[in-house]
Amino acid sequence: MTDVQAPSTEHGTAASARRSPAVAHGSAVARDSSVDAIRVALLVVVFALHAMMVGVSVGPDGPVLENALEGQAWFAAVSWVVQIMPLFFIAGGFSSFLHWRSMRARGASGADYVRARMERLVRPAIVLVGVVAAALVALSLAGLAPELVATAGFRIGQPLWFLGVYLATSALVPVMVRAHERARLLTPLALLAGVIAVDALRLATGLEGLGFVNLLLVWLLVQQLGFHLADGTLDRFSPAALWSVAAGALALLATITLSGPYSADMYENLNPPNVCLVVLGVAQLALFQLARPRIRAWVERADASRLVSAVGERAMTVYLWHMPVLVGLAGVLLVADSQIGLALPEPMSAGWWASRPMWLAVAAVVVVGVTLVFARFERAPQGARPVMRRSSTAGSAAIDALCGVAGVAVVLVTGFGPVQAAIALALLTIALLGSANLGAAFARATAAMRNQRRSRRNGIATASQAATAA
């Protein structure tokens, strides 16, 4: 979900620039249309999957809002196709690699890169947390059952894990790119060893919490695969070699899930993430590399570059807001059932499946409308006066990244209650504005107050001396 940009003079990107149809005339900046297009396609898959998960019905104890796909035996096989998060992080790694090297070539520091990523990713999150928290508080005050409010907040917050992890992996891009440049093979192998060690420890002890260490290790490793895509490494693989890599990865995945300790459901392997997602990511990377020429050709033939670019520029808004839209529409269905007697088919029934095309269409239209409203917050307003910023250091950039991750984690783990939302907004605001800037502003304010008190004391002393002299 990042801009796919890099100067074509960077090593490994000149060839991509020549192959890509989307190269601006007279510009040294190139875009890879295949990566842009696949990110949009993956976003559509995420929306459609989450929309299909929404199960709304009325049970003996009242309204029920559930994951309709949870517990379905057939979904494990489907998950091998629709679990696209590894490819999402691969595309993110591709974009981040080129973006950072482009900034570095212009003299930017790693802290500058982290600040740029925080500002881009955190701004729409602040709006989401504020609006959703206010809406849920309003629903509570209106008398909605606390259980439904809590369920709505939980469902809305579920996809935020991606933002939290993406903030963390993005903040480490300068470090990981340096590791990639110095040890292209050793770096992913070391990460893979870490992932396997965490899995082994979790499986041996039964302590599921240990597995969440892989929230960082798994996705850093998958992001690293994107670096190999960006630097042209995969361009040296023949189609036969790529097919072999994909087949071998899928065979290994089948072995460790069907006769090994891992679930065959790739969504169960997401929480906590484990080595299965890495293996799946390798297969997806090889298949994507095989498909890239055809994707580029389709974008050019269909003249879809403007549409792809328009959606890509609003990708984080779409991702953050699609779940609030789905939960809101589920609420509308419950109100319609209680007020006008609209029949709500039981999830997985024939009537439920028959209603899915209309449900998907309506949800898509509403998501587009909401995106048009809130996409303005994804980037700084055009024409806004530039803010004078204190130069970021590695330490201040690290604090900003930690605050961003912590702000997302607060609502992800504890919900959108008023207190939790206030804490999350405070942390996200620090990440957006920058701890260095806020520290400098606080120092200026403190100095101004100190000078004001000193001036007041001097004025009183002067007046006292004048009175004594008189």
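## Basis of the description

Buried means under 20% relative accessible area, exposed means over 50%, and partly exposed covers the range in between, with a 1.4 Å probe and protein chains only. The model is predicted, and local features need pLDDT of at least 70, side-chain atom pairs count only at pLDDT 80 or more, while totals for chains, interfaces and linings use all residues. Residues are numbered from 1 along each chain as its sequence is written, and side-chain values use heavy atoms, with hydrogens and water left out.

## Overall make-up

The protein has 18 helices and four strands, where helices (H or I, at least four residues) and strands (E, at least two) are DSSP runs numbered from the N terminus. Of its 470 residues, 48% count as buried. The accessible surface comes to about 22,400 Å², of which 67% belongs to carbon and sulfur atoms; such areas come from the Shrake-Rupley method with a 1.4 Å probe, and for residues only the protein chains shown count as cover.

Among contacts (heavy atoms within 4.5 Å) between residues at least 6 apart in sequence, 80% join residues at least 24 apart.

## Nonpolar cores

In soluble globular proteins, nonpolar side chains tend to be buried together. A nonpolar core is here a set of buried Ala, Val, Leu, Ile, Met, Phe, Trp, Tyr and Cys residues joined through side-chain atoms within 4.5 Å. The largest such core holds 116 residues, of which Trp161, Trp219 and Leu320 touch the most other members. Helix α5 (residues 110–141) supplies the largest share of this core, 14 residues. A second, separate core has eight residues, including Ala68, Phe75, Val82 and Trp352.

Leu320 touches Pro124, Ala125, Leu128, Leu160 and Leu163, when residues up to four places away in sequence are not counted. Thr187 is placed in helix α9 (residues 186–205) and counts as buried because its relative accessibility is 12%.

## A nonpolar surface patch

Trp74, Val78 and Trp353 form a nonpolar patch on the surface, with about 270 Å² of accessible area together. Patches are made of residues with over 30% relative accessible area and no salt bridge, like charges being joined within 9 Å and nonpolar side chains (Val, Leu, Ile, Met, Phe, Trp, Tyr) within 5 Å; a salt bridge is a side-chain nitrogen of Lys or Arg within 4 Å of a carboxyl oxygen of Asp or Glu. Trp353 is found in helix α15 (residues 350–374) and is partly exposed, with a relative accessible area of 37%.

## The β3–β4 hairpin

Strand β3 (residues 54–59) and strand β4 (residues 62–67) pair in the antiparallel sense over six bridges, two strands being paired if DSSP finds at least two bridges between them. A hairpin of two residues joins β3 to β4, and the bridge partner of Val54 in β4 is Asn67.

## Backbone features in loops

Most residues other than glycine have a negative phi, and most peptide bonds are trans. A cis peptide bond joins Asn271 and Pro272, with omega about 0°, and Pro272 has its place in the loop between α11 (239–258) and α12 (275–301).

Asp303, in the loop between α12 and α13 (305–312), has a positive phi near 50° and counts as exposed at 61% relative accessibility. Met348 lies in the loop between α14 (315–340) and α15, where its phi is near 80°, a positive value in a residue other than glycine; at 22% relative accessibility, Met348 counts as partly exposed.
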